[in-house]
Amino acid sequence: MKVLIVGGVAGGMSAATRLRRLKEDAEIIVFEQGPHVSYANCGLPYHIGEVIAEESDLLLQTPKSLHDRFRLDVRVNNRVESIDLEHKSVTVSKLETGESYQESYDKLILSTGAKPRMVPIPGLERAHVLRDVQDAIKIKALVDQKQIKSAAIIGAGFIGVELAENLQHRGIETTIVEFRENILPQFDPEMIEPMQQVLVENGIKLALSSETEEVLENTLRLKDGRIIPADLVVAAIGVVADNKLAVDAGLTIGSAGGILVDDQMQTSNEHVYAVGDAAEKTSFITGQNQMIWLANLANRHGRLVADVIAGESVKARPSIGTGIIGAYGMAAALTGITEGLAKRMNIPHQIIHLHPSNHAGYYPGVERVSLKVLFDPETGKILGAQGIGRDGVDKRMDVIATAIYAGLTI
């Protein structure tokens, strides 16, 4: 059996290593258009901030280590340009030489991930993005030269907030520009207010309910006329599924914008599978297709698709969507759906707010944790939760996510 994998980070590499464990005789080739595979995406902002000092600490594996341990043929700087579904082959470009070649397959796994969302803002081509190790190296090199005095980050999602903390840690005056009225719009506004306050207290400037009109040479002009100093501009406006290969090949794209897959990660073509940020997931709460940008799901589905190709009878469960972010010692986490989403989808719900201590009150160092839990008023089943605090938020979200998965009631 010959299996080709497009994309050598979370989902793709999990599929490759799991498949090798299951099929010793399979020929497994992994194509990665960048120079690195199996790296820690979530660590990229922290490398810029020198919390993770060495670039090598981001690289979990190399093509050589993967070949030595798993006998995988990992080809970096090789970009898959097209898929021929009829003849079961792909066309690949060697980016360093410009040479093009074809490779046939019995099974094909697409793990092309997500790409930064770009919007039509004049001058946005000056902005950097933070998607891979190369992006982090470029931004860090600019910061290391000590010529960057100010930075503007367009977008207040997970990457925007983490990057702001790390740039400020490097002594750079940093402003986050967000068109919504609060940071981290994945959360309900009242739950994220404490995190917002912590950013301000630590010197991060926030331009909320603000839109960028133009990116200038060393400033940002907002639509309300304000000028934001910005020697460095980073676009962190969000991501979209990198599904061009699938679209060009004629594979079905789902309603959420990702590659449509069934519960065995199979696409509309029986020999092609898709995992990770490129593929849609089914919501455990709503039953609808959605995009969930989480590495743990990519890894889990990568392993699952290897099981499927090896002949195991397994199926993916619907996804809850659980995430956490930290900044300046404060953590915010969520699982399931938010009140905002419940209202938009007309899902009946009730809400409780809880403010427990992180541990027993008689023991020193007690901190308050704020929790918000949504549940179905008819069945009592938990629909979602959010939490914020300095200690113990992760533990509580883990417990609630497990309760949702198990169908436990409030």
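In which handedness of crossing does α1 pass α3? The crossing is right-handed, meaning that the near helix is turned clockwise from the far one by less than a right angle. Welcome to this predicted model, where local features need pLDDT of at least 70, side-chain atom pairs count only at pLDDT 80 or more, and totals for chains, interfaces and linings use all residues. Residues are numbered from 1 along each chain as its sequence is written, and side-chain values use heavy atoms, with hydrogens and water left out.

**Two helices**
- Helices (H or I, at least four residues) and strands (E, at least two) are DSSP runs, numbered from the N terminus.
- The axes of α1 (residues 10–22) and α3 (residues 63–70) come within 11 Å and cross at roughly 20°, so the two helices are roughly parallel (angles under 35 degrees).
- M13, T17, R20 and R21 of α1 meet L66, R69 and F70 of α3, where contact means heavy atoms within 4.5 Å.

**A three-stranded sheet**
- An open sheet has the order β12-β13-β14 with antiparallel pairing; strands pair if DSSP finds at least two bridges between them.
- At the edges lie β12 (212–215) and β14 (227–229), each pairing on one side only.
- β13 (residues 219–222) joins β14 through three bridges, and L220 stands opposite I228 in β14.

**Residue A332**
- A332 sits in strand β21 (residues 330–336).
- With a relative accessible area of 0%, A332 is buried (under 20% relative accessible area, 1.4 Å probe, protein chains only).
- Beyond neighbours within four places in sequence, A332 is in contact with several residues, including F187, I192, M195 and G387.

Terms used:
Buried means under 20% relative accessible area, exposed over 50%, partly exposed in between (1.4 Å probe, protein chains only). Axes are lines fitted to C-alpha atoms, for helices over the stretch in contact, and angles run from 0 to 180 degrees between N-to-C directions. Angles under 35 degrees count as roughly parallel, over 145 as roughly antiparallel, 65 to 115 as roughly perpendicular and the rest as oblique.
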